[in-house]
Amino acid sequence: MMKKNQLDKFYMKTIEERIEALIELNKADHRSVADFKADLILPEEISDHMIENVVGTYQLPLGLALHFLIDGQDYLIPMATEEPSVVAAASFAAKTIRLAGGFTTEAKSRVMIGQVALKDIDDKEVAIEEIIKNQDQIISIANSAHPSIVKRGGGAQKIDLRWIDKDDEYGTPPFLVIHLHVDTQEAMGANMINTMAEAIKPYLEQLTGARAVMGILSNYATECLATARCQIPVNILERRGLSGEEVRDRIIEANQFALADPYRATTNNKGIMNGISAVVLATGNDTRAIEAGAHAYAARSGQYRSLTKWTKAENGDLLGELTMPLPVGTVGGSITIHPGAKFAHHILGSPHAKQLESIIVSVGLAQNFAATRALVTDGIQKGHMALQAKSLAINAGAKGEEIQKVARRLRKEKHMNLNTAKQILAELRH
Ligand code: MEV
């Protein structure tokens, strides 16, 4: 259990005090903090090798989501985002869900998919038969192209075939698509899969007499799903004049709306991705890969729907569930070179990839709970404006009790900005 007092009024601490709290809570040590601080501005020798034509660095705040209890373990979760309220909302939701026993998660297989698409196939049945007959050889060619993953206990495992009919509406020909399933262990594995997919391309052409259009990883990572669940008793859902049952039913109703309507589903899922992408980015993973996979998964039924599902348990509790593809890694890419990413992994206790999936999917569920609860009770703006006022007060230099006083007066003003906050503070101190 964490020493709770270190987390009390965390948002009111200075950055220095928050770092000290991290150390007190054994979530960071002096060395990792020193390394992170030394490279707060990404060194040129790192940034200049990460992408091309570098002219500088572009920074974002790194915040900590508090109160997460996931599979019985406490976490402070690093989030990199430009959007106010996201970190506070995740922490707020995690605090409630913690009272209900926290999140339980599942992250079963970590298999990524490499695709080779064949076209101009003379005989579909013969081509399929040839590929099936030679599947061991295909897998062996793939593994020889990236032997180090086999040494680490992973590698290409099997192939699947998909036939895609021609579609006159879009003018597309038929395709025979080979899916290579690869256990990438701790890596997200994009380079590994692309190497393997390109390596098997000529052999597939030779086997079938067809033409390979391309060999590439699929970001629709349906073999790398993570699930988070929570079960919240109604007595902790009560909110400003609404009973717990009412709040539960409104959350379920809001979720039904997001399951039924793609316009709402898009915003609902954007809220989920507010949390997911912030942790994915902080841990040095590929936000676009995760986002593309999430939205494709949300449309798996043929209609774009909410990624989360909220229902009523037999005993009346509120049940929440989020499942989505989460092919994140703990090694490779910028993870082991970016000082912020290294620090984020350290704070999380250097989790394995499956554990990192569990953490990230829990943040997504928390974010959706926070947004939905706010939307069906106080509305979203109330909390946003309150936080905005508080943060303006702090930025204006307010300390201790001044913060609430300045924030309260600021919210009554027509223009809530830093200048007004400074004026109010000056008047208060006068
Ligand atoms: C804002 O960034 C995210 C929300 O719109 C999500 C939602 O509507 O569920 C609040």
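Let me start with a loop: Ser 350 sits between α12, residues 339-347, and α13. Ser 350 has a positive phi of about 45 degrees, although it is not a glycine. As background, most residues other than glycine have a negative phi. Bear in mind throughout that this is a predicted model.

Arg 240 is another case, with a positive phi of about 30 degrees, and again not a glycine. Its place is the loop between β8, residues 225-232, and α9, residues 244-260. Is Arg 240 buried or exposed? Arg 240 counts as exposed, because its relative accessibility is 59% and the cut-off for exposed is over 50%.

Now the overall picture. The protein chain has 16 helices and ten strands. Its C-alpha atoms fill a box of roughly 85 × 50 × 40 Å along the principal axes. There are 430 residues in the chain, and 48% of them count as buried.

The chain is divided into three parts: domain 1 is 59-107 + 225-379, domain 2 is 111-218, and domain 3 is 383-429. Taken over C-alpha atoms, the centres of domain 1 and domain 3 are separated by 30 Å.

Next, the ligand. Which residues surround the ligand? They are Glu 83, Arg 264, Thr 267, Asn 268, Lys 270, Gly 271, Asn 274, Ala 371, Leu 375 and Ile 380. By type, that shell divides into three nonpolar, four polar and three charged residues.

For those of you thinking about contacts, here are the distances. From Glu 83, a polar side-chain atom lies 2.6 Å from an oxygen atom of the ligand. For Arg 264, an N or O atom of the side chain is 2.8 Å from a ligand oxygen. For Lys 270, the corresponding distance from a side-chain N or O atom to an oxygen atom of the ligand is 2.7 Å. On its own, the ligand has 300 Å² of accessible area, and the protein covers 84% of that.

In terms of secondary structure, the elements that give two or more residues to the shell are α10, residues 262-282, and α13, residues 353-376. Of the elements, α10 gives the most, with six residues.

One shell residue gets a closer look. Asn 268 lies in helix α10. Asn 268 counts as buried, because its relative accessibility is 4% and the cut-off for buried is under 20%. Asn 268 is ten residues from Ala 258 in sequence, and their C-alpha atoms are 6.6 Å apart in space.

Moving on to α15, residues 401-412. Its buried residues are Glu 402, Ile 403, Val 406, Ala 407 and Leu 410. In general, an α-helix has 3.6 residues a turn, so residues three or four places apart point the same way. Glu 401, Arg 408 and Lys 412 are exposed, on the other side of α15.

Last, Thr 420, which is found in helix α16, residues 418-429. At 12% relative accessibility, Thr 420 counts as buried. Which residues does the Thr 420 side chain contact? A polar atom of that side chain lies 3.0 Å from the backbone oxygen of His 415. The side chains of Thr 420 and Asn 417 are joined by a polar contact of 2.5 Å.

Conventions
Residues numbered from 1 in each chain as written. Predicted model: local features only at pLDDT ≥ 70, side-chain atom pairs only at ≥ 80, totals over all residues. Heavy atoms only, no water. Near = heavy atom within 4 Å. Polar contact = N/O pair within 3.5 Å; in protein donor to acceptor, adjacent residues only side chain to side chain. Areas by Shrake-Rupley, 256 points an atom, 1.4 Å probe, with all protein chains shown as cover. Helix = DSSP H or I, 4+ residues; strand = E, 2+ residues; numbered from the N terminus. Nonpolar A, V, L, I, M, F, W, Y, C, P; charged D, E, K, R; others polar. Domains from an automatic or database assignment. Buried < 20%, exposed > 50% of the residue type's maximum accessible area, 1.4 Å probe, protein only.
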